[in-house]
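This report describes selected features of one protein model.

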Amino acid sequence: MNDLTTRDGPTAQRIGTTLHGEILSRLRDHVVHGDLPNGARISERELCERFGVSRTPLREALKVLASEGLIELLPNRGARVKVLTPDEIGELFDLMGGLEALAGRLACERITPAWFDAIEEVHREMYAFYLRGDRQGYFACNQKIHESILAAAGNGALSSAARILLGRLRRVRFTANLDEQGERWREAVREHELILDALRRRAGGELADLLFDHLRSTKDAILRNLATN
C-alpha cells in the first residue's frame, strides 16, 4: 500500500503540473493572440467552457498572467486585459532595448557554437513562418530568439529583469507586425537577419546597437498602430 502511494504521488504531481502548464499556455495565447480588445473583461465561465477545466486551475493561471502584466485582477469583479498607455509602452520598450543591448554584448563574449547553431535554426523556422504568413508561428520563434540571446548572456540578474518586461510587453509586441501592408513585418525580418549576422561574428557593439534599434522600431510601429485604431 505504501509502495503504491509512493509511486502514484509523483505521477499525480506531474499530471497536475502538466495540466497547469497547458492551461497557462493556452490562456496566454488567448490573451496575446486573440481578438480581445484592450481592457476587455475576461469571462471565467466562458474560458472554463473553452478549455474544459474547473475554475480553480483557471484562476491559478490568471494569477500567473497577472504577475506577467498581461491582465489585471479586479477585486470581486474577475479580470480584464491590461491596458498600457503610450507613455508606458515607450518607457518599457526603451528599458527593454537597453537590457537586450547589454545581453547582446555579453552573448557575443560567451555564446558557444552549439548555442549559436540552435538560435540560427530557430531563425530559419521563423523565416519559414514569415513566408507562409503565419504570424503566430513567427512571433513564437521571434520571442524564442530574443530569449535565447538573453540566456546566452549568462547573467541571471539581467535575465530576471528582462523576463518581467517580456511578460508585460508580450501582447503589444505581437501587434507590431499587424499593419495591413506588412511593411514593418518585412523590416523586422531584415533586422533579425542583421542581428543573427552580428551574433555570428561576435560583434558585440554592433549587435547591441542593432538590438536597441530593433526594439525602438518595434515600439514606433506599435505606437503608430495605436494612433490609427
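## Strand pairing

Two strands are taken to pair if DSSP finds at least two bridges between them. The model discussed here is predicted. In it, β1 and strand β3 (residues 78-81) pair in the antiparallel sense, with 2 bridges between them. Within this pairing, R41 has R80 of β3 standing opposite.

The sheet as a whole is open and consists of 3 strands, arranged in the order β1-β3-β2 with antiparallel pairing. Its edges are formed by β1 (41-42) and β2 (71-74); each has a single partner strand, so one side of each is left without a neighbour in the sheet. Strands of a sheet pair through backbone hydrogen bonds, in either a parallel or an antiparallel manner. Helix α3 (residues 55-68) lies across β1 and β2, and its direction makes an angle of about 120 degrees with β2.

## A network of charged residues

A network of salt bridges links E120, E121, R124, D197, R200, R201 and E206. Among its pairs, E121 and R124 form a salt bridge in which the closest N and O atoms are 2.9 Å apart. Both residues lie in helix α5 (residues 113-132); because they are 3 residues apart there, about one helical turn separates E121 from R124. E121 is partly exposed, since its relative accessibility is 37%. R124 falls in the partly exposed class as well, at 45% relative accessibility.

E206 and R201, also members of the network, form a salt bridge whose closest N and O atoms are 2.8 Å apart. The relative accessible area of E206 is 36%, so this residue is partly exposed. For R201 the value is 43%, which likewise places the residue in the partly exposed class.

N142 is located in helix α6 (residues 135-152). Its relative accessibility is 6%, and N142 therefore counts as buried; the cut-off for this class is under 20% relative accessible area.

Which residues does N142 contact, apart from its neighbours within four places in sequence? The contacts of N142 are with M126 and H192. With H192 there is also a polar contact between the side chains, at a distance of 3.1 Å.

## Cysteines

How many disulfides does the model contain? The count comes to 0 disulfides. A disulfide is a covalent bond that joins the sulfur atoms of two cysteines; the cut-off applied in the count is a pair of cysteine sulfur atoms within 2.5 Å.

Definitions and conventions
Residues are numbered from 1 along each chain as its sequence is written. This is a predicted model: local features need pLDDT of at least 70, side-chain atom pairs count only at pLDDT 80 or more; totals for chains, interfaces and linings use all residues. Side-chain values use heavy atoms; hydrogens and water are left out. A salt bridge is a side-chain nitrogen of Lys or Arg within 4 Å of a carboxyl oxygen of Asp or Glu. Helices (H or I, at least four residues) and strands (E, at least two) are DSSP runs, numbered from the N terminus. Buried means under 20% relative accessible area, exposed over 50%, partly exposed in between (1.4 Å probe, protein chains only). A polar contact is a pair of N or O atoms within 3.5 Å; within protein, one must be able to donate a hydrogen and the other to accept it, and residues adjacent in sequence count only if both atoms are side-chain atoms. Contact means heavy atoms within 4.5 Å. Axes are lines fitted to C-alpha atoms, for helices over the stretch in contact, and angles run from 0 to 180 degrees between N-to-C directions.
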